[in-house]
Amino acid sequence: MSKLDAIRPDFSKPVEPLMGIEIEMFGFDSESLAPLGTPGARVSSQDLMQRIASSQGKLKKDSLTGEIIGLDLGCGNFSLEPGGQLEYASCPGLTLQALLDDLRTGLSILEEAGNGQVLFLDHGTNPLAGKDLPLLVPKHRYKILDRYFSSQPGGRGVHMMRYSATAQPNVDVPGGHSEWQDAINLTLALTPFVKQLFSNSWFFQGQRVESSERQRIWDGIDASRTGIPPVAFQPDIASAYAAWGRQAGVFLAGDLPLEKQPLYGELTWEQWETSGWHGTFPSDQDWETHLGTLFPDLRLRRFLEVRMVDAQSFSHALAPMAFWAVALREGRARLWHWLELKSTSVLELLEVVAGCAEDGLARSVLGSFAEYKRGFRPFEGSAAEFVRHEGTTQPSRKLTW
């Protein structure tokens, strides 16, 4: 297998215009506000998965630890993040309406399992979890990642694992190689504006912050695997991305035991490939796994994984998906023109994207989000009051389109 096959689509075949969204959220005990899985919470994220599995879906368990790490619904699925965050990944769909229907179904299943005991919150950082938050989902891979990030002096990878949440649109780009590269170049050019537009991390460890704490956390992670990958306007973006990935640090070197896995700064992919590590050399499957351990603002895994967006409120959960689906398919020419004008107004950018939308639901979602952004005022109150005000036991009912 070519090293590029895991990065770019097979351009010899038609690319279906599929899209999907992954949303991460936090859960709190609806009475005590204790984060799920911590003392004072009646349930954990694993308990929720077991409740769902009693009537539908199939539990996903870590093969090495036996820990519950999610639940497969057949197409959409739940995954559990290291700090107890709940992630719902939609089934890929051809339309925004299909994603909305799927998301509503997934959230309904989750809230039924919560049974009024869980307050769900979509926010870029956990507002209430303290500095001593443990690894609440002790999956083997999470233990390895936790050890790696803990070895990085001054790094914030441990905070990323425990306290951050994102909304991740996944977009296929129809057309050939040039269309794919143009979409990547546009995404990277828009990234600084989109980070500002979808900033939504106003509380962290019980304190108010002035701008996106989630973005500060991600900026402080191992720089070899985060940020904007240096591939824009390269003749062959897939090759440039692979070259960047080969210089990134490795934290998951095959099936080696925990104590033999590399720490921060000990091993790059190129070094592993050239010289080995504890007698092992990487396989093609290890390369695919390594690509999945890169955390750039845009990750290339045959489709575009847009990763720079803070988790949004449930009322605007579809806004990032609508934005990128329209921007990368219908709006590329107008957005390149907008960039040439050197405007810095993110509201103007949002209006340009909304004006390109051919789908009525996309226009409605983006219009609602623009109205919210124009009238935005920081929440006046404590972190606990914020969770009470913004959290809900019935997130599906916030999807009001």
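Tutor: A residue is called buried here when its relative accessible area is under 20%, exposed when over 50%, and partly exposed in between. The model discussed is a predicted one.

Student: Is C356 buried or exposed?
Tutor: The cut-off for a buried residue is a relative accessible area under 20%. C356 has 8% relative accessibility, so C356 counts as buried.

Student: Which residues of helix 10 meet L349, L350, V353 and C356 in helix 12?
Tutor: Helix 10 spans residues 319–329 and helix 12 spans residues 346–356. C356 belongs to the helix 12 side of this contact, together with L349, L350 and V353. On the helix 10 side, the residues are F323, V326 and A327.

Student: How are helix 10 and helix 12 oriented to each other, roughly perpendicular or roughly parallel?
Tutor: The two helices are packed with axes 9 Å apart, at an angle of about 70°. The crossing of helix 10 and helix 12 is left-handed. Angles from 65 to 115 degrees count as roughly perpendicular. The angle of this pair therefore makes helix 10, relative to helix 12, roughly perpendicular.

Student: Which helices are among what covers the buried residues of helix 12?
Tutor: The buried residues of helix 12 are V346, L349, L350, V352, V353, A354 and C356. Their cover includes helix 5, helix 10, helix 11 and helix 13.

Student: Are helix 5 and helix 11 parallel or oblique to each other?
Tutor: Helix 5 covers residues 177–197 and helix 11 covers residues 332–340; their axes come within 11 Å and cross at roughly 40°. Angles under 35 degrees would count as roughly parallel. Helix 5 and helix 11 are therefore oblique.

Student: Which residues of helix 11 make the contact with helix 5?
Tutor: The crossing of helix 5 and helix 11 is left-handed. From helix 5, the contact draws on E179, D182, A183, N185, L186, A189, L190 and F193. From helix 11, the contributors are R332, L335, W336, W338 and L339.

Student: Against which elements do the buried residues of helix 9 pack?
Tutor: Helix 9 runs over residues 284–292, and its buried residues are D286, W287, E288, H290, L291 and G292. These buried residues pack against helix 3, helix 7, helix 8, strand 11 and strand 12.

Student: How many residues apart in sequence are the parts that C75 and C91 tie together?
Tutor: C75 and C91 are joined by a disulfide, with 1.8 Å from S to S. C75 lies in the loop between strand 3 and strand 4, while C91 lies in the loop between strand 5 and helix 2. The pair therefore ties together parts separated in sequence by 16 residues.

Student: What is the handedness of the link of C75 and C91?
Tutor: The disulfide count for this model comes to one. C75 is partly exposed, at a relative accessible area of 38%. About the S-S bond the angle is 70°, and the link of C75 and C91 is right-handed.

Student: What distance separates the C-alpha atoms of L361 and L96?
Tutor: L361 is in helix 13 and is buried, at 14% relative accessible area. Setting aside neighbours within four places in sequence, L361 has contacts with L96, Q97, L100 and W401. L361 and L96 are 265 residues apart along the chain, yet their C-alpha atoms are separated by 7.0 Å.

Student: Which side chain is joined to that of S396 by a polar contact of 3.3 Å?
Tutor: S396 is in the segment after helix 14 and counts as buried at 9% relative accessibility. Not counting residues up to four places away in sequence, S396 touches R104, L107, S108 and E111. The polar contact of 3.3 Å runs from the side chain of S396 to that of S108.

Student: What value is phi of N115 near?
Tutor: N115 is in the loop between helix 2 and strand 6, and is exposed at 59% relative accessible area. N115 is a residue other than glycine with a positive phi, near 50°.

Student: What value is phi of R302 near?
Tutor: R302 sits in the loop between strand 12 and strand 13. At 35% relative accessible area, R302 is partly exposed. Its phi is also positive in a residue other than glycine, near 80°.

Conventions. Residues numbered from 1 in each chain as written. Heavy atoms only, no water. Disulfide = S-S within 2.5 Å. Helix = DSSP H or I, 4+ residues; strand = E, 2+ residues; numbered from the N terminus. Buried < 20%, exposed > 50% of the residue type's maximum accessible area, 1.4 Å probe, protein only. Polar contact = N/O pair within 3.5 Å; in protein donor to acceptor, adjacent residues only side chain to side chain. Contact = heavy atoms within 4.5 Å. Axes fitted to C-alpha atoms, helices over the stretch in contact; angles between N-to-C directions. Parallel < 35°, antiparallel > 145°, perpendicular 65-115°, else oblique. Left-handed = near helix turned anticlockwise from the far one by under 90°.
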